[in-house]
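Please look at the sequence and the model together. The paragraphs below start with the whole chain and then turn to single places in it.

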Amino acid sequence: MRYSQYFIPTHKEVPSDAEVISHQLMIRSGMIRKLTSGIYTYLPTGLRSIRKVERIIREEMNRAGAIELLLSAVQPAELWQESGRWEFYGRELLRFKDRHNREACFGPTHEEVITDLVRREIHSYKQMPVNFYQIQTKFRDEIRPRFGIMRAREFIMKDAYSFDVDEAGANRSYEAMYEAYSRIFERCGLTFRAVEADTGTIGGSYSHEFMVLAETGEDEIVNCPECRYAANLERAEVLPPDPKTQAEAMPPLTQVATPDVKTVEEVTRFLSIQPSQLIKTLIYVKDEGETIGVLVRGDHELNEAKLRRVLGAQSVEMASAQVVEEVTGAPVGFAGPVDLDIRLVADHAVAGMRNFVTGGNRKDLHLRDVNLGRDFEVERFGDLRIITPQDPCPKCGSPIEFGRGIEVGHIFKLGTKYSQALNALFLNEEGKERPIIMGCYGIGVGRTVAAAVEQNHDHHGIIFPIPIAPFEVILLPLQIHHQKVMETAERLYRELTDKGVDVLLDDRDERAGVKFNDADLMGIPVRLTIGSRGVDQGEVEFKLRSESESVHIPIPDAASRVQEKVNDLYDSLK
């Protein structure tokens, strides 16, 4: 490709609305342009990187036995109503009506559509296992789209769905996708971890997120260097504390006036206690119905995803101030478990506490020396809190580490959530009807490119891993009006192209500094510079974008040396 005949509109200035480095650099390097909030145009170099990620995905999905198809982006409301997600999915679902007043949505995901296809076409155990996948544009009406294509409303996604006759088969399908995803991100040249994750609005019983490790990552992840356990904060397990060997004496419960003292910080300072000596009573509403009291230690934070799982709820939401006052008889900040006439659940850490402080269910009142069993009862204990750096690994007990990551892929064990709701049944070997066991597997294609930028950049620009760089090699002839310089550049361009190397020839009539800056900004992995002085000496300058030093190589060897280095860069990722 010749730069003069291509379209690469680079910018020197950092866009004012670009919050993260990938957003900044992808705009500055001419990969994307914003159309409107959360919606972007992929310019030619951005599309080249997208297509390279897609090619890797297709190769590995096909290798794993998945079959590509293409489902409709527009989905009828009836399917979503049948699955129960038409209202549950929320306002992120872009709903509309056609000219016949029929409701529909623009697909944010395709569980309903693929399940509808399968229930019509697959009826026997002999037709399974099967795994269908597609690469398609999705739309989720994010309330606050940000970070460029990292969290856009419209985005390109690879989604796959497996169908099995039993749990054993579903587990095999899940493992096959786990291995395929690992190969995909390895081949993209990314440093990543597969972490246990919450299933969220997709549902199901078990899932893993594939996280690209980056300091700028939006998600915090936990991992154990000893046993390699890894999970995101929503999923990371916390071991119950060791039970106390000796019970403390229990003084009588006492009331303490706490005027305008509501928060943990205010209460602990006012009463001269540690946050670990206080219990927070949080009022939640389960599935827009039942009100629940949730107890966690004052120095711990509630994990809503865990609460939802422990309660077996579709959703949990913190109660409004009005509901809190109706339930407790007090404003927000004074709720407590004593004489509270609702169901109570508590984190494991609460079970071993003695003589603690709680709210008094009356304005400006707290209670001291409150004790579980004597003063109130808890219906159920569970792991309800966010893990902390002080907690041990839940698998081996070793110290854990915290880091940040960018979610680029997510795999789910769906079970029969959708097949039962949509009546996708099959006849087993005994001739009996059974619901199909499903799995779901997604990759954010554009997000993978953006995550690569977040993980690989410096103050000059992007440092692309070679498999997903828009071009593998850039040729920089510095004096385009110098005959020998351009003859050498053209010859190297032809030789490298003939060898199958993906080359950009910067044949613009620009200063050397402009060409160097644009090459670094775009992150092309290999640079070959052709200057008049070097040509006179029979050599060109060779440099890797990831390294600071350059070397001079003889012109006759240049194409072969470049091809060899390109191959080495690919081999280093295997």
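Two residues are in contact when heavy atoms of theirs lie within 4.5 Å. In this predicted model, residues 24 or more positions apart account for 69% of the contacts with a separation of 6 or more. The chain has 574 residues, and 54% of them are buried. Its secondary structure consists of 16 helices and 31 strands. Along the principal axes, the C-alpha atoms fill a box of roughly 95 × 65 × 50 Å.

The surface and the charges can also be put in numbers. The accessible surface comes to about 26,200 Å², and carbon and sulfur atoms hold 47% of it. There are 71 positive and 89 negative side chains, and the centres of these two sets lie 2 Å apart.

I32 of the chain stands opposite Y42 in β2. The two strands have 2 residues between them, and G38 in this turn has a positive phi of about 75 degrees.

Next comes a helix. Which residues of helix α14 are buried? In this helix, which covers residues 512–522, they are V514, K515, D518, A519, D520, L521 and M522. An α-helix has 3.6 residues a turn, so residues three or four places apart point the same way. The buried residues of α14 pack against helix α1 (21–28) and against the strands β26 (461–462), β27 (473–477), β28 (503–505) and β29 (526–530). Just after α14 comes G523, with a positive phi of about 80 degrees.

The aromatic rings give another view of the fold. A pair of aromatic rings is described by the distance of the centres and the angle of the planes. The structure holds 12 aromatic pairs. One of them is formed by F106 and F139, with 6.3 Å from centre to centre and 75 degrees between the planes. This pair counts as edge-to-face because the angle is over 60 degrees. F106 belongs to strand β6 (residues 103–106) and F139 to strand β7 (residues 130–139), so the pair links parts of the chain that are 33 residues apart. Elsewhere, Y178, Y181, F185, F192 and F210 form one aromatic cluster.

Some places in the backbone deserve a look of their own. Most residues other than glycine have a negative phi, and most peptide bonds are trans. The bond between M128 and P129 is a cis peptide bond, with omega of about 5 degrees. P129 is placed in the loop between α5 (111–121) and β7.

Two aspartates have a positive phi. D260 has a value of about 55 degrees although it is not a glycine. This residue lies in the loop between β13 (254–257) and α7 (264–271). D260 counts as exposed because its relative accessibility is 57%, and the limit for exposed is over 50%. For D364, also not a glycine, phi is near 65 degrees. D364 is found in the loop between β18 (356–359) and β19 (365–370). With a relative accessible area of 23%, D364 is partly exposed.

Notes: Residues are numbered from 1 along each chain as its sequence is written. This is a predicted model: local features need pLDDT of at least 70, side-chain atom pairs count only at pLDDT 80 or more; totals for chains, interfaces and linings use all residues. Side-chain values use heavy atoms; hydrogens and water are left out. Helices (H or I, at least four residues) and strands (E, at least two) are DSSP runs, numbered from the N terminus. Buried means under 20% relative accessible area, exposed over 50%, partly exposed in between (1.4 Å probe, protein chains only). Accessible areas come from the Shrake-Rupley method with a 1.4 Å probe; for residues, only the protein chains shown count as cover. Lys and Arg count as positive and Asp and Glu as negative; His and the chain ends are not counted. The place of a charge is taken as NZ of Lys, CZ of Arg, CG of Asp or CD of Glu. Two strands pair if DSSP finds at least two bridges between them. Rings of Phe, Tyr and Trp (its six-membered ring) pair if their centres lie within 6.5 Å; planes under 30 degrees apart count as stacked, over 60 as edge-to-face and the rest as tilted.
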